[in-house]
Amino acid sequence: MEIVLLLIPLALLFLAGAIWALFWALRKDQFDDLDNASWRVVFEDREQRKGLPTSKEVADHDNERDS
């Protein structure tokens, strides 16, 4: 029964940490675009198979041209 005196404050501390992490992630816009990153992998794979430049290569080329 004495262990409950340790586990309850420990659980509350864990809960506070989880809530802090959630609000930190929301504030840092971690949940803004959940679909694009996963689809980008698929589209870049298709572009590589077709021999087309990937979106990263196009962006790198545009950055080189601008500087």
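The model is predicted, so local features need pLDDT of at least 70 and side-chain atom pairs count only at pLDDT 80 or more, while totals for chains, interfaces and linings use all residues. Residues are numbered from 1 along each chain as its sequence is written, and side-chain values use heavy atoms, with hydrogens and water left out.

D29 lies in the loop between helix 1 and helix 2. Its phi is near 60°, a positive value in a residue other than glycine. D32 is in that loop too, with helix 1 spanning 3-27 and helix 2 spanning 36-50. F31 is also found between helix 1 and helix 2.

| Residue | Relative accessibility | Class |
|---|---|---|
| F31 | 45% | partly exposed |
| D32 | 60% | exposed |

With neighbours within four places in sequence left aside, F31 is in contact with L22, A25 and L26; contact means heavy atoms within 4.5 Å.

D29 and D32 also belong to a surface patch of negative charge, together with D33 and D35. Patch members have over 30% relative accessible area and no salt bridge, and like charges are joined within 9 Å. A salt bridge is a side-chain nitrogen of Lys or Arg within 4 Å of a carboxyl oxygen of Asp or Glu. Asp and Glu count as negative, and the charge of Asp is placed at CG.

The chain as a whole has three helices and zero strands, in the order α-α-α along the sequence. Helices (H or I, at least four residues) and strands (E, at least two) are DSSP runs, numbered from the N terminus. Of the 67 residues, 3% are buried. The accessible surface of the chain comes to about 6,400 Å², with 63% belonging to carbon and sulfur atoms; the areas come from the Shrake-Rupley method with a 1.4 Å probe.

Notes
Patches are made of residues with over 30% relative accessible area and no salt bridge: like charges are joined within 9 Å, nonpolar side chains (Val, Leu, Ile, Met, Phe, Trp, Tyr) within 5 Å. Buried means under 20% relative accessible area, exposed over 50%, partly exposed in between (1.4 Å probe, protein chains only).
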